[in-house]
Amino acid sequence: MRAKLILGAMALVLAGVTAEAQQRPRMGGGLMACRADMETLCGSDKANKLKVRQCIIENRDKVSEDCRRALDALRNGPGAGAMPTVTVSYGNDARQAIDFYRAKGAAPAPLIVFIHGGGWSLGDKRQASGRKPEHFTDEGYAFASINYRLVPNATVEQQAADVASAIDMLRFRAAEYGIDPNRIALMGHSAGAHLAALVTSDPQYLKAADVPMGAVKAVVLLDGAGYDVPAHMKTGGPIVQKLYGPAFGDDPKRQAALSPMTHTAPPNAAAWLALYVEGRDASLGQSRALVQALEKAGAKARAVAVPDSSHRELNQDLGADGDSATADVDAFLKAAL
């Protein structure tokens with residue numbers, strides 16, 4: 001689980017690039033060049049793989065386009081590498097940036113805002129650069145994938161504020177980008193699912209960013225397990241403690257305040273879809289409990305099990321032809337937006 005949360009696939013760039021190049025001969029030269037570029041930028045310290053992987057993520061835009069596409073293909077699989085229409089900042093920190101993909105179709109288009117995972121301390125907006133942008137823009141949605149400041153350089157409260165500020169920036173540019181500022185879906189994976197749920201249940205974050213709660217019509221949660229932080233930290237074991245401890249600390253009041261389960265009473269987003277990997281107890285229990293509380297409070301909410309998948313694959317495969325989770329998301333968004 002931990003390897004998946006820290007984007008273990010990126011280790012291929014440094015450790016297994018030769019074997020991967022043999023499997024994908026059409027990109028072999030690009031991958032070898034990427035390895036040299038990345039070792040120059042990030043080193044190859046095998047004793048500190050987390051640091052190297054995060055460096056790779058953060059320096060993706062400093063290498064050639066061919067190298068970027070090769071890195072995206074390694075991380076996200078076939079069909080990866082869609083390039084954004086524009087990348088725009090929404091704050092002064094380098095992490096406060098948005099990749100925006102214009103809808104293919106009539107404007108103004110509804111907007112999907114994607115929040116990456118990574119245990120609140122890792123990850124990058126390019127985690128959405130696989131099939132998602134092309135699929136959803138083909139379906140008539142504008143698509144945006146956001147970065148946010150990471151723990152320990154920022155708090156979870158600041159991360160939630162970053163999400164709200166990114167939405168505000170996109171709404172401000174609605175006419176320029178051809179989007180409907182009042183038809184927004186917030187989508188997040190793993191830690192990003194927690195942030196999506198927090199921002200659309202606790203009204204303080206959108207209010208501080210001057211974003212009406214009613215502008216966010218729908219929420220899509222991809223295999224999250226942090227909706228009731230104190231409960232999950234109590235039962236989740238040492239790996240959960242290692243991930244959640246730096247993010248949420250040991251103050252029960254703060255843990256509760258950062259739990260979407262605490263804020264299910266109105267106002268919140270009107271429609272929710274929580275997808276969880278079938279058989280993954282943490283996301284199953286947390287997703288179902290959140291959905292039940294939201295339904296009790298008057299929201300339309302569903303929890304749906306995704307079979308034959310994993311925590312990483314559910315996110316990676318979204319947008320692929322024949323993917324059952326994609327079909328569920330498409331139907332949900334069509335009804336909600």
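Strand β5 (residues 179-189) is mostly covered, with eight of its eleven residues buried, where buried means under 20% relative accessible area with a 1.4 Å probe and protein chains only. This is a predicted model, in which local features need pLDDT of at least 70, side-chain atom pairs count only at pLDDT 80 or more, and totals for chains, interfaces and linings use all residues. Residues are numbered from 1 along each chain as its sequence is written, and side-chain values use heavy atoms, with hydrogens and water left out.

**Whole protein**
- The protein has 17 helices and eight strands, taken as DSSP runs of at least four residues (H or I) for helices and at least two (E) for strands, numbered from the N terminus.
- Buried residues make up 57% of the 337 in the protein.

**Strand β5 and its partners**
- Strand β3 (residues 109-115) pairs with β5 in the parallel sense over six bridges; two strands pair if DSSP finds at least two bridges between them.
- Ile-115 has Gly-188 in β5 as its bridge partner.
- Strand β6 (residues 216-222) also pairs with β5 in the parallel sense, over six bridges.
- Leu-186 has Val-219 in β6 as its bridge partner.

**Ser-201**
- Ser-201 lies in the loop between α10 (191-199) and α11 (204-208).
- Ser-201 counts as buried because its relative accessibility is 2%.
- The Ser-201 side chain reaches the backbone oxygen of Ala-197 at 2.7 Å.
- Leaving aside residues up to four places away in sequence, Ser-201 touches Pro-260, His-263, Pro-267, Asn-268 and Trp-272, a contact being heavy atoms within 4.5 Å.

Definitions and conventions:
Buried means under 20% relative accessible area, exposed over 50%, partly exposed in between (1.4 Å probe, protein chains only). A polar contact is a pair of N or O atoms within 3.5 Å; within protein, one must be able to donate a hydrogen and the other to accept it, and residues adjacent in sequence count only if both atoms are side-chain atoms.
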